[in-house]
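Subject: Handover of a structure and notes on its contents

Dear colleague,

Please find below the structure that I am handing over to you. My notes follow it, and I would ask you to read them with the structure open.

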Amino acid sequence: MRAGANIRGAAAGRRTRVHVVSDVHGNTEALARAGDGADALICLGDLVLFLDYADHSRGIFPDLFGVENADRIVALRTARRFEEARDFGRELWRGMDRNAAITGAVRKQYAEMFAALPTPTYATYGNVDIPALWSEYAGPGTTVLDGERVEIGGRVFGFVGGGLRTPMRTPYEIDDEEYAAKIEAIGEVDVLCTHIPPEVPELVYDTVARRFERGSRALLDAIRRTRPRYSLFGHVHQPLARRMRIGATECVNVGHFASTGRPWALEW
């Protein structure tokens, strides 16, 4: 287990407060304030804004190809016409160095967002993040964890980042077996922090996109088996249920930070 920061809490006989955010998607201004009044900030990933489904003028895609093309690809994806969307995207990218263009744009976003993170921050990756770049931008006040544990204020927090394979083919999607191995590696914790939710219909269904997102069966099994106090996650922007109890565990979607700009608070 990694040693946690010397945060006020159990040792000092005082309460500890952490703020939790997920799905930041480029909201740097609100991210800079997310830790105000808290002893630590927890970030559950998806810092990158590739395409804003609510405002098609925002993100890497419209910056490169314009709003009309963003409108088109959103319409195709929303209709679950993924093959057509990929064919359309391939035409747009023809003749361009896709990796160089995306990496350059992501670097710019990461430089701004990691600079905005308060100290201390504990963070894990989302499915649209590029983990290989995080070490270049995470400062000494930011601890990046994936399949690892850390102690904060006398409680043990476990972190598992990324998402599972989908037709969207976002950058950090991994096989179910690899994801399950990371869940297994962190063992019993007080607070289980992931980007994606456990595989429960009410928690994985997006009411605006009108589709089920990928949740993890391994995460659900671990919740039932190890009974953490909390399971915290994001990923589903407009869930059918934002929180529910599974046995002894309070499962909470901490919210779509890109739109709300408000962290979820946990205090003990």
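Predicted model: local features only at pLDDT ≥ 70, side-chain atom pairs only at ≥ 80, totals over all residues.

Residues are numbered from 1 along each chain as its sequence is written, and side-chain values use heavy atoms, with hydrogens and water left out.

Two helices

Helices (H or I, at least four residues) and strands (E, at least two) are DSSP runs, numbered from the N terminus. Helix H3, residues 67-78, has twelve residues and reaches 16 Å from its first C-alpha to its last, close to the expected 16 Å. The expected span is 1.5 Å times one less than the number of residues. Buried residues (under 20% relative accessible area with a 1.4 Å probe, protein chains only; exposed is over 50%, and partly exposed lies in between) in H3 are Ala70, Ile73, Val74, Leu76 and Arg77. They lie on the same side of H3, because they cover an arc of only 160 degrees around the axis; the arc is that of the directions from the helix axis to the C-beta atoms. An α-helix has 3.6 residues a turn, so residues three or four places apart point the same way. The buried residues of H3 pack against helix H2 (60-65), helix H4 (82-93) and strand E11 (211-212), where contact means heavy atoms within 4.5 Å. Just after H3, Arg80 takes a positive phi of about 60 degrees.

In H4, the buried residues are Phe82, Ala85, Arg86, Phe88, Gly89, Leu92 and Trp93. Their arc of only 165 degrees around the axis puts them on the same side of H4. Their cover includes H2, H3 and H5. Gly95, which follows H4, has a positive phi near 85 degrees.

The sheet

An open sheet of six strands runs in the order E5-E6-E9-E12-E14-E13, with mixed pairing; two strands pair if DSSP finds at least two bridges between them. Which strands stand at the edges? They are E5 (148-152) and E13 (243-246); each has a single partner strand, so one side of each is left without a neighbour in the sheet. E5 pairs with strand E6 (residues 155-160) in the antiparallel sense over five bridges, and Glu151 stands opposite Val156 in E6.

The nonpolar cores

A nonpolar core is a set of buried Ala, Val, Leu, Ile, Met, Phe, Trp, Tyr and Cys residues joined through side-chain atoms within 4.5 Å. The largest has 55 residues, and those with the most contacts inside it are Val21, Val24, Leu31, Leu47, Tyr110 and Trp134. Helix H5 (residues 98-116) gives the largest share of this core, five residues. A second, separate core of 19 residues includes Leu44, Phe157, Val252 and Leu266.

A loop residue

Asn27 is found in the loop between strand E1 (17-21) and helix H1 (28-31). Is Asn27 buried or exposed? Asn27 counts as buried, because its relative accessibility is 16%. Leaving aside neighbours within four places in sequence, Asn27 is in contact with Phe257, Ala258 and Gly261.

Yours sincerely,
A colleague
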